[in-house]
Amino acid sequence: MDLDAYVAEHNAEWRRLEYLTGRRRLDAAEVDELVALYQRSATHLSALRARAPEPALVNRLSHLVLAARARVTGRQRFSWAAVGRFLAADLPAALYRAWPWWCGVATGFSLLTAFLIWFVAGNPDTAAAFVGDEAARELVDSGFAGYYTEFAAPTFAFHLWTHNAWLAAQCLAAGVLVVPVLWLLWQNALNIGVVGGVMVAYGRGDVFFGLITPHGLLELTGIYVAAGVGLRTAWAWIAPPADLGRGRAVAEAGRLAVVVAAGLVGLFAVSALVEAFVTPAPLPVALRVAAGAAVWLAFLAYALVLGRRAVRADRGT
């Protein structure tokens, strides 16, 4: 290939494409011309790469083709309308579609945790075996309550947010494998059960429930949602609907999981703020619990009431 002759032959087209790509408004004829020049320039670029890969020219033409393709296909722009649709329809619908799964996880987790608290509280030797006598006394005297005031509230909130979001991401990503999700749930249930059992055994159950309830209602619900959606994805693989097939069922479950994952980022931000600022606040226990319960009930209404409406609207009923 005679590179100089090739450039001389097509340079006018490239310059015209560059001009059209840079214009803010194009009429119908110019749009057709832009598409045609983009297609020809892409062909020119492929030919240059294969037969005469001169770096400067290939780089120039690559940038031109990429810019033209972005103009032809259209750039995605931030839209408050899209954010509104996500919050008002997409997210609540996804939460509602998965509600049997995360409500099932919530029921199982709560029953297991309650049993562990009851068992550890009623068997002091078991509590000592889990944490040791000295550690148990320290936990009861100051350790449990001190956890919520050990760090500055903003730092504590950020730590909680990232920790819980990471835990939820693990549940969602590993859901199709089932066992990792069950293991993560068991670890959390065991931790709450042992700590709660120790506090109850030493007569400090009021402190335990007074501190864990304000934020725990929303925070644990977020974990239930992540685990439930993850397990729903696994079930789509194990027993897909006959009218979908395994691949399509898993793909649809995966898309729902992505929507939920984005929503849980916000949920855990709220729960982190509650835990960092409301849980340790010098307020009556009833007021702190009421604040946490209000946030939790608002989420349930969002997921179940608004979600049901969004699903019905999507089905056209």
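Let me begin with a definition: helices (H or I, at least four residues) and strands (E, at least two) are taken here as DSSP runs, numbered from the N terminus. What I am showing is a predicted model, in which local features need pLDDT of at least 70 and side-chain atom pairs count only at pLDDT 80 or more, while totals for chains, interfaces and linings use all residues. Residues are numbered from 1 along each chain as its sequence is written, and side-chain values use heavy atoms, with hydrogens and water left out.

Val 178 sits in the loop between helix H8 (153-173) and helix H9 (179-201), and although Val 178 is not a glycine, its phi is positive, at about 65°. With a relative accessibility of 24%, Val 178 counts as partly exposed, that is, between buried (under 20% relative accessible area) and exposed (over 50%), using a 1.4 Å probe and protein chains only.

Now to the overall fold. The protein has 12 helices and 0 strands. Its radius of gyration, taken over C-alpha atoms, is 29 Å, well over the 20 Å that the globule rule gives for 317 residues, so the protein is more spread out than a compact globule; that rule is 2.2 Å times the number of residues to the power 0.38. The C-alpha trace spans about 90 × 45 × 35 Å along its principal axes. Of the 317 residues, 38% count as buried. If we take contacts, meaning heavy atoms within 4.5 Å, between residues at least 6 apart in sequence, 79% of them join residues at least 24 apart.

As for the surface, the accessible area comes to about 17600 Å², of which 63% belongs to carbon and sulfur atoms, as given by the Shrake-Rupley method with a 1.4 Å probe. There are 26 positive and 23 negative side chains, and the centres of the two sets lie 11 Å apart; Lys and Arg count as positive, Asp and Glu as negative, and His and the chain ends are not counted. Each charge is placed at NZ of Lys, CZ of Arg, CG of Asp or CD of Glu.

Finally, the cysteines. How many disulfides does the count come to? With a disulfide defined as a pair of cysteine sulfur atoms within 2.5 Å, the count is 0. Cys 103 is in no disulfide, and the nearest cysteine sulfur, that of Cys 171, is 16 Å away, which is too far for a bond. Cys 103 is partly exposed, at 26% relative accessibility, whereas Cys 171 is buried, with a relative accessible area of 1%.
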